[in-house]
Amino acid sequence: MYLTKEQFEKYTDQGFVLLTECFSKTEVNGLKVELPSLFRKETSGRVFEEESNIVRAVHGSHKTNEVFQRLSRNPRLVEPPMQLLGSKVYIYQFKINAKAAFRGNIWEWHQDYIFWRKEDRLPTARVVNALVLLDDMNEFNGPLFVIPGSHKEGMIDVVAQNTSNRAKDERERPAWISNFTAKLKYSLNQELVTNLVLKYGILSIKASAGSVLFFNSNLVHASPSNISPFNRSVAIVTYNSVDNIPLPVQNPRPEFIVSRDYRPVEPLSKDALLIENLM
Ligand code: SIN
Ligand code: MN
């Protein structure tokens, strides 16, 4: 599935495009039934909300779970990034953000590319995020906020925060965690966000489960906490151009955060189902 000219232009101009009802209710249910066991599984890629046993995110499920693997190869997700980047793509990162009812905490204002540039030496921002809504996202359950057009600023080079060089801390909390907690390492300060919002405006993304948001890795975004009784889970697949392989780094982040499997994604056939046993 390729973007129409209007959708392509919307992405180029605004830094994102929302495709509503990309996946059917049956497909979404097929993904959601996998979540409890993925959240229960003790894996290194699992992140909890601060001082709690509520799962905030799980990484790399496309490698461990057949249904999410099929999602990551579905042409509805893979072809728009190929079209936008003008090349084949591979999966750079795969995460599920849980944003649990009553408990899901904020994501501070940030751009994604700066993390990948500073931590992984990703040469350029030729990366597309595909965010799949696994629940309806509404004004109550911590929707994604975006500053439309802010990707045109390029990477805003902010100073890293919340870094700790205490060895004890490193043992208890691996360094990569500070890119996934409510206190982000490269968050944008209030003055920067105020000026960007004055310049470009602000939007919240509201859509039903099964919709997909494609967004630019320099788009400034955030989300508030979820104090509603509604879960707000999303799967985010980050596709990188095969022409944009990260340069070598001294201490590479774990494979479940930044994949070093650079083989291009082979999209499944147009009619392939997410869930095999529905056939
Ligand atoms: C969110 O899940 O609301 C934030 C996602 C992100 O920043 O990638
Ligand atoms: Mn982000």
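This is a predicted model: local features need pLDDT of at least 70, side-chain atom pairs count only at pLDDT 80 or more; totals for chains, interfaces and linings use all residues.
Local features require pLDDT of at least 70, side-chain atom pairs count only at pLDDT 80 or more, and totals for chains, interfaces and linings use all residues; side-chain values use heavy atoms, with hydrogens and water left out. Residues are numbered from 1 along each chain as its sequence is written, while chains are lettered from A and ligands numbered from 1 in the order in which they are written.

**Ligand 1**

The shell around ligand 1 consists of Lys95, Asn97, Trp107, His110, Leu144, His221, Ser223, Arg232 and Ile236 (a residue is near if one of its heavy atoms lies within 4 Å). By class, three of these residues are nonpolar, four polar and two charged (Ala, Val, Leu, Ile, Met, Phe, Trp, Tyr, Cys and Pro count as nonpolar, Asp, Glu, Lys and Arg as charged, and the others, Gly among them, as polar). At least two shell residues come from each of β4, β5 (107-110) and β10 (221-223); strands (E, at least two residues) and helices (H or I, at least four) are DSSP runs numbered from the N terminus.

| Residue | Distance to an oxygen atom of ligand 1 |
|---|---|
| Asn97 | 2.9 Å |
| His110 | 3.0 Å |
| His221 | 3.1 Å |

Taken alone, ligand 1 exposes 260 Å², of which the protein buries 99% (Shrake-Rupley method, 1.4 Å probe).

**Sheet and helix**

Strands β5 and β10 also belong to an open, antiparallel sheet of four strands in the order β5-β10-β7-β8 (two strands pair if DSSP finds at least two bridges between them). Its edge strands, β5 and β8 (203-204), each pair on one side only. Two antiparallel bridges join β7 (residues 145-146) to β10, and Val146 has His221 of β10 as its bridge partner.

Helix α9 (residues 190-200) is capped at its N-terminal end by Asn189, with a side-chain oxygen 3.1 Å from the backbone nitrogen of Glu191 (a polar contact is a pair of N or O atoms within 3.5 Å; within protein, one must be able to donate a hydrogen and the other to accept it, and residues adjacent in sequence count only if both atoms are side-chain atoms). Just after α9, Gly201 has a positive phi of about 90°.

**Second largest pocket**

The second largest pocket has a volume of about 280 Å³ (on a 1 Å grid over the protein atoms alone, an open set of points where a 1.4 Å probe fits, with protein on both sides within 12 Å along at least five of seven lines; lining residues have an atom within 4 Å of a point). Among its 13 lining residues, Lys63, Ile91, Asp261, Arg263 and Val265 are the closest to its centre.

Notes:
Grid points are joined across faces, edges and corners, and a volume is the space filled by probe spheres set on the points.
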